[in-house]
Amino acid sequence: MPHTVPQALVEDQARFNSIMPSPAEMKCSTEAIKKQLSSLNLLPLEGDQHALSDEDLISRFLIQWSFDHTTTVNKLKEYIAERQQQRKANWLTQPFPAVITPILPQLVLGFGIVGQRFSHDRLGNPVFFSRPDGAVMAKFTKQHCSESEVSATLDACARISEYQRALMKEHNYRYITAVIDLSLFPCSSLGHLHLLRVFRKVSAMQTLMYPELLRWILFVNVPSHVGGALKTFLSLWPARVQSKVKVCSSMAELSLYIDPEELPPQYGGNSRATIQAYGGQTTVSQDR
C-alpha cells in the first residue's frame, strides 16, 4: 500500500536526481563504455550472476564516479578483474572463514518483514537494519589484525553485500535503505586504530564492488560521543555515498524516510514489522 511522501522527501529526491543526465545522454555514455570494454573482451561479463545487466552495471558505475568516463572505465576494469578471480575460486559456494565467526552476527543483515513482504521506505525500497556492537568489533579487529585475517573479514563483508545484491535482483529492486543503530557503540571503540583500518578497507571494497546500491543510510540512536568519530568514518566514503547519509536524532525524524507502519516497535513503528536475519541461507517470499 503506498504511503504519503512528505514534501521534504520530495525535495531530497529532487536533489538526488539532480546529477542525472537525460535518459538519452545516459544511454549514450553507457553504450560508449560498453563498446570500449567489449573491444577489450571484458564484456559481456561472465560469472557476475547478480548483475541485472551489463548496462545496469555500467550505469551504476557512471553515477558513482560522477559520469567521469575515464575513471568509470578504469574502475570497471578493476571490478571485472576481481569478479573473474571470485569466479575461479567459486567464491559464493565456500563457507564463511572460521576466523570471522565471532563477528558474523554483526554482519548478517536483518530485514524488516511485515507479514510475507519486506518493510519499505517511503519510496518503496526494502529496508534492512543493523545494530553493530562496537566493543565486539574493536576487540575482534585488535585480536585478528594479520593480513590474512583482515582479508577474511573483507571476504565476509563482501559476501553479505553480495547476498544483498542477489535479493535486489530476485525482487527487482533498484535500491535498498539501511537503518544503522549505533546504541551499542561505546566511546572506547570509536578511535580504535585496528577498527578504523578495517573500516577503511571495507569502504574501499564496497565502493569498488557495490556502487549505487543504497538509497539512504539512516543512523539512529547515535550517542553524543559518537558524532566526531562518525564524521571521520563517513569521510572515507565518496561524496555520492555521503549525500545519502542521514543522522536521525529522533524516531520522528526516522519516520520521515520510513512510514511508522513499516517500522518495528523498537524503532518507533506501530506495525507488525519484525526484523529477520538474511545472510544468504535465509530468504523470505515477496508480496507487493
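This is a predicted model: local features need pLDDT of at least 70, side-chain atom pairs count only at pLDDT 80 or more; totals for chains, interfaces and linings use all residues.

Q: Why is F16 called buried?
A: Buried means under 20% relative accessible area, exposed means over 50%, and partly exposed lies in between, with a 1.4 Å probe and protein chains only. F16 has a relative accessible area of 8%, so F16 is buried.

Q: Why does Y175 count as buried?
A: The relative accessible area of Y175 is 11%, so Y175 is buried.

Q: What makes W216 and Y257 an edge-to-face pair?
A: Rings of Phe, Tyr and Trp (its six-membered ring) pair if their centres lie within 6.5 Å, and planes under 30 degrees apart count as stacked, over 60 as edge-to-face and the rest as tilted. The rings of W216 and Y257 are 5.1 Å apart centre to centre with 65° between the planes, which makes the pair edge-to-face.

Q: Why can the pair of W216 and Y257 be said to tie together parts of the chain?
A: W216 lies in strand β5 (residues 214–220) and Y257 in the loop between α12 (251–254) and β7 (274–278), so the pair ties together parts that are 41 residues apart in sequence. Here helices (H or I, at least four residues) and strands (E, at least two) are DSSP runs, numbered from the N terminus.

Q: Are W216 and Y257 buried or exposed?
A: W216 has 0% relative accessibility and therefore counts as buried, and Y257, with a relative accessible area of 8%, is buried too.

Q: How many aromatic pairs does the structure hold?
A: The structure holds nine aromatic pairs. One of them joins F16 and Y175, whose ring centres are 5.7 Å apart and whose planes stand at 75°, so the pair is edge-to-face. Ring pairs also link F111, F118, F128 and Y173 into a cluster.

Q: Which residues touch the most other members of the largest nonpolar core?
A: A nonpolar core is a set of buried Ala, Val, Leu, Ile, Met, Phe, Trp, Tyr and Cys residues joined through side-chain atoms within 4.5 Å. The largest such core has 59 residues, and Y79, F111 and F219 touch the most other members. Helix α7 (residues 147–171) gives the most to this core, with 10 residues. A second, separate core of 13 residues includes F129, W216, I258 and Y267.

Q: Why is L37 called buried, and which residues does L37 touch?
A: L37 is in helix α2 (residues 23–39), and its 1% relative accessibility means that L37 counts as buried. Contact means heavy atoms within 4.5 Å, and, not counting residues up to four places away in sequence, L37 touches L42, L43, V73, L76, K77 and I80.

Q: Why does C28 count as exposed, while C248 counts as buried?
A: C28 has a relative accessible area of 54%, so C28 is exposed, whereas C248 is at 3% relative accessibility and therefore counts as buried.

Methods
Residues are numbered from 1 along each chain as its sequence is written. Side-chain values use heavy atoms; hydrogens and water are left out.
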